[in-house]
Amino acid sequence: MRIPDSQALLMIFLMAAITFLIRVLPFILFPGNKKTPSYILYLGKVLPYAVIGMLVVYCLKDVSPLTAPFCLPELLTVAAIAVVHVWKRNTLLSIGGGTILYMIFVQFVFI
Amino acid sequence: MKRKAFRAAFPLTLPVMAGYLFLGLGFGILLASKGYSCLWAFFMAVIIYAGSMQYAAIDLLAAGASLITTGIMTVAIQIRHLFYGLSLIEKYRHVGKKRWMMIYELTDETYSLVATSEPPEGVDTGWFYFFISLLDHSYWIAGCTLGALFGTLVKFNTKGVDFVMTALFIVLFINQWLDTKEHRPALIGVGSSVLCLILFGPDSFIVPAMLSILLILTIFRKTLDKEETTHADS
């Protein structure tokens with residue numbers, strides 16, 4: 001039932017190569033020994049804010065607001081994390097507590 | 001110098017440790033269920049090192065997908081990583097040769113830690129980010145390998161545990177939000193992504209989202225870059 005090992009290896013190498021290529025491409029286009037264009041410096045300042053926002057959406061992309069439970073576990077957990085984090089500013093508490101709360105929601109509350 | 005950087009980096013990586021161990025475990029269990037041993041899980045964790053891509057790889061391997069399909073899938077899933085390098089050019093500039101290793105290890109989670117943290121006073125910048133990258137990678141390798149080895153022994157219900165990564169990004173988002181008065185870049189990121197998600201659907205929204213973020217940031221550069229231009233040009 002498994003494909004030949006040589007084919008599997010080839011696929012794995014291909015995935016690894018493309019992944020690295022995407023990660024390294026910006027560094028090849030803008031090498032460190034040359035002066036970085038001010039536009040790229042600007043992106044370096046504003047992109048992190050936009051990208052983390054994009055990653056939050058990316059993580060939640062598969063939840064559906066139109067079918068039960070209507071994103072409720074996600075919405076409630078995100079709200080709880082925000083409140084606890086702004087209040088206590090404790091990263092591990094916010095992340096650990098948020099995850100446990102979400103697990104309780106999807107396992108016991110919104111089944 | 002290295003020890004100091006390690007000590008400063010380690011606490012920051014704890015949320016990623018929790019996340020990667022669980023997600024890696026999940027990956028290992030799934031991979032093993034397709035008849036692949038822990039050696040394969042270890043190997044893939046070391047050389048591919050990408051969460052969602054490795055999960056997709058399980059299906060690709062199981063289906064015996066062609067190299068072309070594999071390549072296209074990889075580009076589609078990983079293309080968001082282009083932004084990471086783009087915004088770390090300056091930060092990784094003076095790191096030396098080890099930066100190639102750090103670039104190799106630039107996952108979503110590592111990027112988000114590197115982008116949102118600065119080394120404490122007196123800690124070497126390069127080694128600080130190097131250890132964040134290396135620690136994260138080692139958690140992932142451990143998780144994947146252990147999952148394939150002992151995954152079937154996990155008896156408690158792990159449903160929802162993958163939310164740990166979402167929680168991490170939310171917390172980092174809040175940290176960034178509280179650290180600055182300029183909220184427009186963050187709003188542009190969330191707004192464009194949500195809009196593109198509605199327009200293009202969950203499987204193909206990321207490229208339009210990236211393009212629109214880039215476009216809007218470029219159009220509004222004059223207003224958003226105001227206070228910083230003096231630093232950039234000096």
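This is a predicted model: local features need pLDDT of at least 70, side-chain atom pairs count only at pLDDT 80 or more; totals for chains, interfaces and linings use all residues.
When I give an angle between two helices, I mean the angle between the N-to-C directions of axes fitted to C-alpha atoms, on a scale from 0 to 180 degrees. We will need that in a minute.

For chain B, the mean pLDDT is 90, and 97% of the residues of chain B reach 70 or more. One stretch to treat separately is residues 228–234 of chain B, where pLDDT stays under 50. For those residues the model has five contacts beyond four places in sequence.

Let me take chain B by itself. Chain B has 14 helices and zero strands. So the pattern along the sequence is simply one α after another: α-α-α-α-α-α-α-α-α-α-α-α-α-α. Along the principal axes, the C-alpha atoms of chain B fill a box of roughly 60 × 50 × 35 Å.

Chain B is also divided into two domains: domain 1 covers 2–162 and domain 2 covers 180–224. The C-alpha centres of domain 1 and domain 2 of chain B lie 25 Å apart.

Now chain A. Its secondary structure comes to four helices and zero strands, read along the sequence as α-α-α-α. Here the radius of gyration gives another picture. Chain A has 21 Å, but a compact globule of 111 residues would have a value near 13 Å. The C-alpha trace of chain A spans about 50 × 50 × 30 Å along its principal axes.

A:C71 is not a glycine, yet it has a positive phi of about 65°.

On to the interface. How many residues does each chain put into the contact? Chain B gives 73 residues and chain A gives 62 residues. On the chain B side, helix 10, residues 163–179, gives the most, with 13 residues. By class, the side of chain B that touches chain A has 48 nonpolar, 17 polar and eight charged residues.

Helix 2 of chain A, residues 38–59, packs with helix 8 of chain B, residues 108–116. The angle is about 145°, and the axes are 11 Å apart. The crossing of helix 2 of chain A and helix 8 of chain B is left-handed.

Which residues make that contact? From helix 2 of chain A they are A:P48, A:I52 and A:L55. From helix 8 of chain B they are B:D108, B:S112, B:A115 and B:T116. Sorted by class, the contact between helix 2 of chain A and helix 8 of chain B has four nonpolar, two polar and one charged residues.

That is what I have on the two chains.

Terms used:
Residues are numbered from 1 along each chain as its sequence is written. Chains are lettered from A and ligands numbered from 1 in the order in which they are written. Domain bounds come from an automatic or database domain assignment. Helices (H or I, at least four residues) and strands (E, at least two) are DSSP runs, numbered from the N terminus. A crossing is left-handed if the near helix is turned anticlockwise from the far one by less than a right angle, and right-handed if clockwise. Two residues are in contact if their C-beta atoms, placed from the backbone, lie within 7 Å. Ala, Val, Leu, Ile, Met, Phe, Trp, Tyr, Cys and Pro count as nonpolar, Asp, Glu, Lys and Arg as charged, and the others, Gly among them, as polar. pLDDT is the predictor's confidence in each residue, from 0 to 100. The radius of gyration is taken over C-alpha atoms; the globule rule is 2.2 Å times the number of residues to the power 0.38.
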